[in-house]
Amino acid sequence: MITLRRSEQRGRGEHGWLDSRHTFSFADYHHPDYMGFGVLRVINEDRVQGGAGFGTHGHRDMEIISYVLEGALQHRDSMGNGSVLREGDFQRMSAGTGVRHSEFNPSETEPVHFYQIWLLPARLGIEPSYEERRFGDDAERGLILVASPDGADGSMRINQDARVHLVRLAGAAETSFRVEPGRRVWVQVTRGGLTVDGTAMNAGDGAAVTEQTSLLLRAEGGGEALLFDVP
């Protein structure tokens, strides 16, 4: 079964410097039917204006993944990490016992467009950790494993039995995904258009896939998505 969550149905936070779309309940946006999807708690699509950002703030007991679609995102944290993520870069931060960090757009003129994802951890109180990675290049297509509990295939290691894939399809290409027993999938389209088992989706759309053993993703003139495989 596929349950669509269209882009325009998401919650929205407009703050001048920040335009944020919330797939699930977040901050001042609350929807009782969208409190998360299994261990997947937050999918926010953020656009931050030049020279603005999130000042130093704290997180704990959360697995946080960021993916930059356009522009640059400057990160600093209490673990001593500091870097600038650019288009195509992924970042993973396990907040564990507590991390303080800031995220800013280092450009004064160009916005930054990125996704931030939160997953509930399997264990509380772990030691905080951080990594960032770029997966493949524009020529690499299909299913690319971005995050997993065991760091398989060079993926970032997360403290949860969940797997995050980047789906990149060119033209009218297609790929399939096997859903293991007891698992379910959330698909979030990040660029272009895709169909999921024949259901058309565009950038910003999400879909819950439940009670299925497989799904077929097909591009409509090229498309990209994040695929979350969760218990």
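**Notebook: salt bridges and the open sheet**

I began with Asp19, which forms a salt bridge with Arg21, their closest N and O atoms being 3.3 Å apart. For a salt bridge I require a side-chain nitrogen of Lys or Arg within 4 Å of a carboxyl oxygen of Asp or Glu.

Notes on the source. The model is predicted, so I keep to its rules: local features need pLDDT of at least 70, side-chain atom pairs count only at pLDDT 80 or more, and totals for chains, interfaces and linings use all residues. Residues are numbered from 1 along each chain as its sequence is written, and side-chain values use heavy atoms, with hydrogens and water left out.

Asp19 and Arg21 are both buried, where buried means under 20% relative accessible area, exposed over 50%, and partly exposed in between (1.4 Å probe, protein chains only).

Next I took Arg134 and Asp89, whose side chains meet in a salt bridge at 3.0 Å, N to O. Arg134 lies in strand S12 (residues 129-134) and Asp89 in strand S9 (residues 89-94), so this pair ties together parts 45 residues apart in sequence. Strands here are DSSP runs of E, at least two residues, numbered from the N terminus. Arg134 is partly exposed, at 47% relative accessibility. Asp89 is buried, with a relative accessible area of 13%.

I then checked for shared partners.

Arg10 sits in the loop between strand S1 (2-5) and strand S2 (11-14), while Glu45 is in strand S4 (residues 40-48); the two are 35 residues apart and link distant parts of the chain. I find both Arg10 and Glu45 buried. My count of salt bridges comes to 17.

I turned to the sheet. It is open, has seven strands in the order S2-S3-S4-S11-S6-S9-S12, and its pairing is antiparallel. Two strands pair if DSSP finds at least two bridges between them. S2 and S12 are the edge strands, each with a single partner strand, so one side of each has no neighbour in the sheet. Neighbouring strands of this sheet are turned by 15° against each other on average, direction ignored; axes are lines fitted to C-alpha atoms, and angles run from 0 to 180 degrees between N-to-C directions.

Last, I looked at S2 and strand S3 (residues 18-22), which pair in the antiparallel sense over four bridges. Arg12 stands opposite Arg21 in S3.
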